Amino acid sequence: MKAINLMVKKMEELGVEVIFGIPGGSNLPLYDALYDSNISSILMRHEQQAAHAADGYARVKKRPGIVTATSGPGATNLITGIVNAAMDSVPIVALTGQVVRAFMGTDAFQEADIVGLVLPHVKYAATVTDSKRLVKEFVNAYNCAYSGRPGPTLIDIPRDVMQEDIGELDNSDAIPDPAFLWKPKLPIDAELEKAASLISSVNRVTILVGGGVHFSGATSEVLKLAELINAPIVTTLPGKTCIPQDHPFVLGSVGMHGRLEANMAIINSDLVIAVGTRLSDRAIGPPADFKKGRKIIHIDIDASELGKNVIPDVKLIGDAKLVLNNLINKLITHGLSRKDVEWIDKLRDLKNAYEEYMMSQTDESRLNSWKIVKLIREEIPRSAIVTTGVGQHQMWANLFFKVLEPGTYITSAGLGTMGFGLPAAFGAKVAAPDRIVVNIDGDGSFQMTCQTLSNIVEYNYPVITVIFDNRALGMVRQWQDLFYGKRFKDVDLTETTDFVKLAEAFGVEGVFTQSYDEVRMTLRRAVRNNDAIVIDVPIDKNEKVFPMVPPGRWLADYIAPPGFDGHGKISTSVITK
Amino acid sequence: MGMARYRLQLSLNNQPEALGKLILLIKQARLSLIEANIKQASPEILNAQLLIDGREEKIQWLLNKLILFPYFKSVDLMSIEVARDVQ
């Protein structure tokens, strides 16, 4: 049997259901093997979109998404999607075709060193030059992608390696090599003890949740800990998907465009328990400010994250679910008394004041992004999955979209990849065809990957797209407005592109809306009928996302929405430091 | 934290990807490579001894990072010089 047929057989045994990609000269043997398999293949329109679709699929399924591309340009087109998956710790396995071994290193047609190109950003990448190793290399890469801290892996396979006859599958190929078997570490008891003592010794504790909680499945442990110690929960951007925002202790996302009350929770805390987050600059601002005046307990599965950006007082290495369970038990043993909740009430007051203020802004001549986001939440089921592009619309979604069920919010957080939203939504819909999937997009982001509309129609995976259409690269424009003296350069997009016609050209219904009611009724109909649709919502290009913490500044240096003083709550009741 | 000089001893897969990853991680940690001595221990395994300079926390980061990647079989670190001022 050919090596590639054995690999595909192994993929089936591992439960691979679908592969996103595009065939070409060098990965044709893979497609030929897929022809006889139970694995569905989805023909994307660009390899970047295939990688994002695999990413969206993986986040919903909590198992590796598989993507394939041919050698050369096919492989290099994957790179953005692979790096995006790395930055958000998402397990995807990329299978690239390579030119035949005899031509490798000769600058042959469509030859590119894809392993060399992705090596800084993957957990594992290798070119398979021995056909007898192919199945084992796939098993290794698949296992590596999802075990420990998830992330992308890549196997580069010369065409002739795929085609070699290697007999039957060796049983030893079924299990990964020892180096690929991640062994969960138990948290060190002395560190747990230190953490419990620290929690007991302070007044105001905030739990900062990162994306690691999603793949760990530690939502209920986070909530249990919060309830045990009366701690508000705030999240990073990737952490937003982990926690239901209708829980009374959840305040929303922190960071540059975080919620005021969430940033205030960090600013006013004596101790931050950071779970499954790398504590990036966008989330916490300058590390020195973050560390000043507060203790940090950092829980992460990746030991190299502990102390990378912020040196914690207590390091707890391990899977979030396991560590939190142990910590909760330790706290219960300690007989911890519940902490005062008065400050959480004040933060909630600020939350309500901000929402009331924003919702009270009325201007008959324009639609406001935050009201559209709120409306979307009202019209879609709790279980609906929402993806976003990157830009102002993403930050409005971050501020106003309330995640109600864990795992239902997918965004490109670390890399900030414009164009992520639509293909990721498609991948999510493939993973969960019975759920409503909505892509909240910007007109700039949408135009980067809008060909995915073809897939939505062709494979009948209807996705709803709402375009926040301000005819600009809105976030870049906002920075030019605030930090470059309004010297707008190359941020305005043409007024002539017709998104309704564009959608229709792909066979998807397009609707231009001019009122909240129109948006609501159109969305309601699409949800009811599970229709694919593109809803074009005009937004004023001068609308700016606030609050905003200027780049490089501490969370307390936020710019509030013009005219908002939090009814005095920002300056008097909440900030005590 | 101060700068330090360390000798890093590794056992790694005998594949270009493993060596590439090692150098890229040293780059990511913004460490200086002073000396490298790499020998084949077996057809599958390389032994490497590196002399590196850099901030102590970055060297610690490198150590923690290396063990996460399947290219590397074992990593040992020995401090041979410390206490130079932060540059």
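Mentor: One term before we start: domain bounds here come from an automatic or database domain assignment. On that basis chain A is divided into domain 1 (3-180), domain 2 (189-346) and domain 3 (367-538).

Trainee: What kind of model is it, and how do the numbers run?

Mentor: This is a predicted model: local features need pLDDT of at least 70, side-chain atom pairs count only at pLDDT 80 or more, and totals for chains, interfaces and linings use all residues. Residues are numbered from 1 along each chain as its sequence is written, and chains are lettered from A and ligands numbered from 1 in the order in which they are written.

Trainee: OK. How far apart are the C-alpha centres of domain 1 and domain 3 of chain A?

Mentor: They lie 30 Å apart. The contact takes 22 residues from domain 1 of chain A and 25 residues from domain 3 of chain A. Contact means that the C-beta atoms of two residues, placed from the backbone, lie within 7 Å.

Trainee: Which elements give two or more residues to the domain 1 side?

Mentor: Strand 1, helix 3 and helix 5 of chain A. Helices (H or I, at least four residues) and strands (E, at least two) are DSSP runs, numbered from the N terminus. Helix 3 of chain A gives the most to that side, with 10 residues.

Trainee: And how does that side divide into nonpolar, polar and charged?

Mentor: The domain 1 side has 10 nonpolar, seven polar and five charged residues. Ala, Val, Leu, Ile, Met, Phe, Trp, Tyr, Cys and Pro count as nonpolar, Asp, Glu, Lys and Arg as charged, and the others, Gly among them, as polar.

Trainee: Back to helix 5 of chain A. Is it mostly covered or mostly open?

Mentor: Mostly covered. Helix 5 spans residues 79-87, and seven of its nine residues are buried. A residue is buried if 20 or more other C-beta atoms lie within 10 Å of its own, exposed if 12 or fewer, and partly exposed in between; the C-beta atoms are placed from the backbone. The buried ones are A:Thr80, A:Gly81, A:Ile82, A:Asn84, A:Ala85, A:Ala86 and A:Met87.

Trainee: What covers them?

Mentor: The cover includes helix 3 (47-61), strand 4 (92-98), helix 6 (114-118) and strand 6 (153-158) of chain A. After helix 5 of chain A comes A:Ser89, with a positive phi near 55°.

Trainee: Switching to strand 3 of chain A. Why call it largely enclosed?

Mentor: Because five of the five residues of strand 3 (residues 65-69) of chain A are buried. A:Gly65, A:Val67 and A:Ala69 point one way, A:Ile66 and A:Thr68 the other way, and all are buried.

Trainee: Which strands does it pair with?

Mentor: Strand 1 (residues 18-21) of chain A pairs with strand 3 in the parallel sense over three bridges. There, A:Ile19 stands opposite A:Ile66. Strand 4 of chain A also pairs with strand 3 in the parallel sense, over five bridges. There, A:Thr68 stands opposite A:Leu95. Pairing needs at least two bridges found by DSSP between the strands.

Trainee: What about A:Asn140? Buried or exposed?

Mentor: A:Asn140 counts as buried because it has 23 C-beta neighbours inside 10 Å. A:Asn140 is in helix 7 (residues 134-146) of chain A. Leaving aside neighbours within four places in sequence, A:Asn140 is in contact with A:Tyr124, A:Pro176, A:Asp177, A:Phe180 and B:Pro70.

Trainee: Last topic: the nonpolar core. How many residues has the largest one?

Mentor: The largest core has 180 residues, and those with the most contacts inside it are A:Val222 and A:Val275. A nonpolar core is a set of buried Ala, Val, Leu, Ile, Met, Phe, Trp, Tyr and Cys residues joined through C-beta atoms within 7 Å. Helix 7 of chain A gives the largest share of this core, nine residues.
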